[in-house]
There are 4 protein chains.
Amino acid sequence: MTSSDVLDTSFNIQLIQSGKILLSDIDQILKILKKQAKKYKYTPCIGRSHGIHAEPITFGLKLASFYEEFKRNKKRLINAIDEISTCSISGAVGTFANINPNVEKHVAKKLDLKVEPISTQVIPRDRHAFYFSVLGIIAGSVERVAIEIRHLQRTEIYELQEYFSKNQKGSSAMPHKKNPILSENLTGLARMVRSAVIPSLENIALWHERDISHSSVERNIGPDANITLDFALIRLGNILDKMIVYPKKMIENLNLTKGLIFSQEIMLELTKSGLSREQSYKMVQNYAKKCFTKNLNLFNVISSDKFIMKKISPKKLKTIFNYSSHFKNVDLIFKRVF
Amino acid sequence: MTSSDVLDTSFNIQLIQSGKILLSDIDQILKILKKQAKKYKYTPCIGRSHGIHAEPITFGLKLASFYEEFKRNKKRLINAIDEISTCSISGAVGTFANINPNVEKHVAKKLDLKVEPISTQVIPRDRHAFYFSVLGIIAGSVERVAIEIRHLQRTEIYELQEYFSKNQKGSSAMPHKKNPILSENLTGLARMVRSAVIPSLENIALWHERDISHSSVERNIGPDANITLDFALIRLGNILDKMIVYPKKMIENLNLTKGLIFSQEIMLELTKSGLSREQSYKMVQNYAKKCFTKNLNLFNVISSDKFIMKKISPKKLKTIFNYSSHFKNVDLIFKRVF
Amino acid sequence: MTSSDVLDTSFNIQLIQSGKILLSDIDQILKILKKQAKKYKYTPCIGRSHGIHAEPITFGLKLASFYEEFKRNKKRLINAIDEISTCSISGAVGTFANINPNVEKHVAKKLDLKVEPISTQVIPRDRHAFYFSVLGIIAGSVERVAIEIRHLQRTEIYELQEYFSKNQKGSSAMPHKKNPILSENLTGLARMVRSAVIPSLENIALWHERDISHSSVERNIGPDANITLDFALIRLGNILDKMIVYPKKMIENLNLTKGLIFSQEIMLELTKSGLSREQSYKMVQNYAKKCFTKNLNLFNVISSDKFIMKKISPKKLKTIFNYSSHFKNVDLIFKRVF
Amino acid sequence: MTSSDVLDTSFNIQLIQSGKILLSDIDQILKILKKQAKKYKYTPCIGRSHGIHAEPITFGLKLASFYEEFKRNKKRLINAIDEISTCSISGAVGTFANINPNVEKHVAKKLDLKVEPISTQVIPRDRHAFYFSVLGIIAGSVERVAIEIRHLQRTEIYELQEYFSKNQKGSSAMPHKKNPILSENLTGLARMVRSAVIPSLENIALWHERDISHSSVERNIGPDANITLDFALIRLGNILDKMIVYPKKMIENLNLTKGLIFSQEIMLELTKSGLSREQSYKMVQNYAKKCFTKNLNLFNVISSDKFIMKKISPKKLKTIFNYSSHFKNVDLIFKRVF
């Protein structure tokens with residue numbers, strides 16, 4: 001048994017153990033996200049594309065989307081751990097010249113690993129590249145949630161706030177200032193975990209039956225990427241668990257554009273009544289512009305247009321301007337996810 | 001149905017089609033590697049670690065190791081294609097506010113896709129990051145083979161040569177000079193495919209229910225990474241198919257160190273005869289140094305040491321210096337792989 | 001003269017020409033930024049750290065900060081062009097074995113290049129890595145401006161809007177929706193230009209007197225990174241030139257926290273009057289919390305505290321709540337920059 | 001003075017101090033390279049392109065090429081240190097609202113820094129991105145030298161060997177086996193330093209007047225990239241200082257192709273005698289192929305061709321097959337470099 005055999009298999013075991021810790025971190029996040037998604041299942045807020053108000057959504061849907069993403073990450077991480085769950089005890093160049101293949105078999109079984117079908121002096125490094133790539137993807141998901149929180153905590157939006165411990169001082173200058181520093185920290189940490197991916201890919205092309213260039217890389221990214229992601233996942237779990245949500249502010253923001261977000265549905269309703277899409281679009285567009293420029297309420301403006309009110313009943317109009325109609329399929333989506 | 005729904009699903013379909021082309025490229029490589037591995041199953045050559053001669057191996061084993069790696073890549077690519085085989089037709093922010101979820105179901109079925117359980121305005125980008133990460137890993141494997149070929153074609157090693165077409169001129173200055181330019185080209189292309197991974201990971205954290213920053217990235221890496229890898233895989237297949245192997249030179253290189261590569265086994269044999277490991281190591285080390293410095297043949301030197309020859313029979317010694325003993329498990333390894 | 005000599009020098013010439021185009025793009029941006037910075041020199045808006053309101057700033061200061069950054073980028077790009085402005089005509093391995101060094105000198109002079117002091121078969125690739133690194137940094141600056149614009153155009157903030165051409169339709173569903181798609185596009189393009197940096201760094205370590213692995217990389221990133229950045233810079237110039245600024249909305253946002261942003265200065269003023277920092281902080285913090293929770297105006301609340309009003313004169317208090325006091329050094333900063 | 005002002009300026013000071021250590025490391029490498037280049041100025045060895053023998057070179061030229069590259073790196077690093085040698089004490093959003101700009105001036109002078117012309121809450125991060133990019137380039141140069149050493153120490157080449165301390169054991173199995181593990185280690189470390197570049201570029205686009213996402217990145221790459229590169233440079237210096245060079249083996253390798261490397265010059269000489277380039281090429285090519293296939297010496301073969309010997313005098317032929325003619329410009333190149 002060469003020292004490479006021992007060191008290489010034990011590196012895999014260390015990675016597997018790290019991977020399992022990350023798995024339990026993700027399980028914890030899933031638990032928290034599920035709890036919070038259900039709590040805010042029907043809490044209305046504005047959905048935004050391009051940072052611009054689009055249509056109503058619920059805060060629970062946002063969380064459910066994160067939940068589903070972490071479910072995918074869990075599956076990927078299980079695959080990644082499986083990829084590196086191999087054992088190689090095959091001698092200096094992988095030929096079993098001076099060691100019986102049964103030793104490998106025996107050790108693999110004892111360590112709950114699979115036998116590496118064919119190795120050089122080391123276990124092939126595409127396996128490890130896969131593992132670190134998956135960490136990079138998980139880091140991307142962490143960043144996605146962190147960015148959402150940072151956006152929602154902006155002064156102008158303020159729909160949500162990171163937990164702020166009793167003893168924690170705010171800005172030394174402005175006592176009321178509560179910065180989403182935990183999520184900002186996660187954004188940076190995501191960059192760090194991501195930065196381990198390229199070196200792990202560069203490690204694949206070792207010379208002949210191995211060169212040892214991968215080793216100094218792995219001594220760095222092995223502990224660093226795993227520990228950083230572990231820290232990030234735990235921190236993310238805490239943020240999601242303890243975040244302070246402001247549903248009232250969410251409603252306020254929803255109403256910020258005074259009904260403009262419902263313009264699409266009015267247009268669709270007019271189309272149903274027999275108008276061409278062009279006509280309907282033009283009509284609604286003009287009102288939308290007017291409301292926007294003069295800061296008027298679209299409901300009021302539409303209500304006073306006799307032509308339109310012949311096409312759309314007052315009851316129907318009320319329904320349109322009620323965002324609960326947007327949530328008729330929330331339950332269906334939740335059933336798909338949870 | 002919003003234009004995002006259509007564009008986003010059709011991007012996935014394009015990626016899937018690209019992925020399937022890459023899959024068939026890999027199948028072709030697997031076929032060639034299998035053929036060549038079997039052809040060279042027992043062609044002896046030196047195994048090298050750190051670029052230094054270690055122990056005998058067969059050229060077929062090298063190829064079998066590549067085969068197994070591409071088998072893994074095939075599995076990863078199938079998973080990656082599966083990851084992006086989803087369809088989302090869920091409206092402006094994913095709520096199905098103005099579209100019946102059955103439309104999504106229907107279209108998904110028609111297109112042989114799965115329904116995206118929960119989408120925003122777009123299909124979540126961790127899926128695509130996974131796809132491009134897998135391309136990066138495959139590129140790493142391409143580079144590994146390319147580097148091996150470049151090494152083996154070095155003037156001093158010359159165990160192998162890239163195919164050189166009849167009409168192809170060598171260096172304009174030196175007519176005999178045949179450079180492994182195809183494999184060098186692959187080394188560079190691997191860098192390019194790899195460079196798509198980080199942007200794809202950066203694409204995950206879109207703002208709220210989507211921002212469109214991922215789009216300009218995907219319009220680049222979508223075609224570029226796929227086409228580059230397709231080109232690289234086909235080129236690699238051709239190189240492996242048409243390479244000219246020099247088994248005689250492989251034997252010459254094997255014998256370059258005049259038996260020093262068998263020093264380990266003599267030491268082990270001495271240990272079996274009752275000597276301590278330290279004693280055996282010391283004894284063999286001295287002879288090894290002597291041979292190396294004076295350019296002697298280790299077999300001759302050992303044969304003339306009476307003490308050792310009492311411990312090791314002449315027949316046994318011959319066996320030790322015969323590399324075929326190193327190949328007793330080649331068949332076992334081939335059975336594991338093929 | 002070998003073909004490598006010719007090809008390599010002509011690649012440098014191509015890069016230099018690309019670099020000069022980028023330089024003129026940056027000059028254009030500088031011109032626009034200068035114009036706009038002066039126009040909005042004293043246009044008040046809120047300064048934000050962590051996405052949270054901090055202290056007043058002017059919109060001109062934001063632009064001046066970008067201006068200074070692009071001035072640095074210009075200097076870096078000039079250095080980068082200088083780095084690759086060399087010519088090497090030194091034969092197959094750089095020894096001038098079959099060519100007179102005066103040829104190199106002559107050609108260099110004709111092409112307005114410096115002689116490469118020592119070359120292998122090629123010009124050393126650390127020079128090109130420097131060039132592409134600088135493109136990566138410039139892309140980062142493009143992203144910084146783009147992100148600022150995307151933030152300022154958010155529905156809740158709306159201090160600014162990308163130019164929207166007469167014929168350009170907004171969202172097909174919501175006629176009023178104007179998305180910052182140009183800046184989002186730039187964010188993605190920045191990722192692309194950045195992705196060229198690592199391959200260019202990997203190109204440095206060529207084997208011996210050259211291997212050709214760098215070539216396939218450069219055939220990609222040579223045109224792609226330059227053209228992408230050229231496109232991005234021109235687009236950025238247009239955005240900055242034609243952006244629609246809403247100073248009224250900037251003031252509205254400034255007043256959003258009803259004077260809380262001036263809490264630091266009240267605290268400092270109290271300290272000057274003899275109170276300890278702890279006392280002052282505590283006092284102001286309590287009022288700040290009260291205002292924030294009950295949506296009160298800090299000026300009114302402070303004005304009615306007799307204890308404080310003994311320490312701070314009414315006139316002084318008014319000055320504090322007037323952001324123009326924050327702008328007393330704007331001119332100094334402008335003088336430093338322009 | 002805000003805590004950001006203090007922390008941010010002190011981060012720069014730390015980077016500057018690290019940078020200065022790296023500068024002295026580079027100075028040490030330059031000293032060693034100069035010494036060794038002069039020592040081996042006329043030590044002949046084969047120049048290789050594509051890993052294939054090309055034309056003679058001297059080992060000193062290889063070292064001079066590294067010397068020139070590190071000279072460039074020194075200049076880049078000085079620029080990078082200069083880029084981050086700024087001080088910003090400008091308040092919460094960079095307006096000097098509550099602090100006199102003279103404080104900044106005063107502190108800057110005391111700390112031997114320049115005043116940052118315009119800052120937000122922090123010093124702009126394009127400066128730091130430049131610094132880390134330069135570290136990435138230097139790492140690329142380290143890798144270039146390390147790869148050269150690894151190649152030259154290969155069993156088949158063996159022109160050079162890393163220093164091997166008295167107490168250092170070789171491979172536990174093969175006592176003569178001396179692996180270039182230090183240079184392999186450097187290859188991996190280069191990947192690590194390079195991996196800091198992208199995060200530093202991602203740090204540029206902070207939100208508004210700063211977000212703190214850059215901080216967790218810098219707390220990692222600040223110490224890690226600097227310390228890793230410091231370690232790598234010192235190790236590289238030691239390798240270059242203590243390497244064992246085998247000039248005899250270099251000559252052996254030079255002669256490996258039995259004069260084929262001089263085929264270009266024979267062809268050129270024939271051209272001078274009046275033959276067309278096509279004719280000359282064809283003629284030499286045929287002989288080259290013959291020599292290569294039958295393992296003959298090109299000099300002998302050419303000498304016995306009467307037609308050629310009428311065109312080239314025996315004395316001239318001898319000169320052609322003498323590599324010293326290749327070194328006629330070595331001194332010129334050395335004068336350019338040193």
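**View 1. Chain B laid over chain A.** In this predicted model, a turn of 180° with a shift of 0.0 Å along the axis puts chain B onto chain A, and the RMSD comes out at 0.0 Å. The pair is thus related as by a two-fold rotation axis. Which residue of chain B comes closest to the rotation axis? That's S133(B), with its C-alpha at 3.1 Å. As for the surfaces, 100% of the interface residues of chain B turn up as interface residues in chain A too, so the two copies meet through the same surface.

**View 2. Where chain C meets chain B.** Now for another pair of chains: each side puts in 28 residues, 28 from chain C and 28 from chain B. Together the two chains bury about 2,400 Å², with 56% of that on carbon and sulfur atoms. Which residues of chain C lose the most area to chain B? Look for R191(C), M192(C) and W207(C), which together make up 26% of what the chain C side buries.

View 3. One to pick out joins the side chains of R194(B) and E202(C), with 3.2 Å from N to O.

**View 4. The helices behind the chain C side.** Four helices of chain C each supply at least two residues to the side that touches chain B: α4 (126-152), α5 (181-194), α6 (197-202) and α7 (213-242). Which one gives the largest share? It's α5(C), with 9 residues. Sorted by class, this side of chain C has 11 polar, 9 nonpolar and 8 charged residues.

View 5. Back in chain A, S200(A) sits in helix α6, which covers residues 197-202. Is S200(A) buried or exposed? Buried: its relative accessible area is 3%, and the cut-off for that label is under 20%. Leaving aside residues up to four places away in sequence, S200(A) touches A129(A), F132(A) and I221(A).

Note on methods. Residues are numbered from 1 along each chain as its sequence is written. Chains are lettered from A and ligands numbered from 1 in the order in which they are written. This is a predicted model: local features need pLDDT of at least 70, side-chain atom pairs count only at pLDDT 80 or more; totals for chains, interfaces and linings use all residues. Side-chain values use heavy atoms; hydrogens and water are left out. Buried means under 20% relative accessible area, exposed over 50%, partly exposed in between (1.4 Å probe, protein chains only). Contact means heavy atoms within 4.5 Å. Buried area is the accessible area (1.4 Å probe) that two parts lose on being put together, summed over both. A salt bridge is a side-chain nitrogen of Lys or Arg within 4 Å of a carboxyl oxygen of Asp or Glu. Ala, Val, Leu, Ile, Met, Phe, Trp, Tyr, Cys and Pro count as nonpolar, Asp, Glu, Lys and Arg as charged, and the others, Gly among them, as polar. Copies are superposed by least squares on the C-alpha atoms of residues with pLDDT of at least 70 in both.
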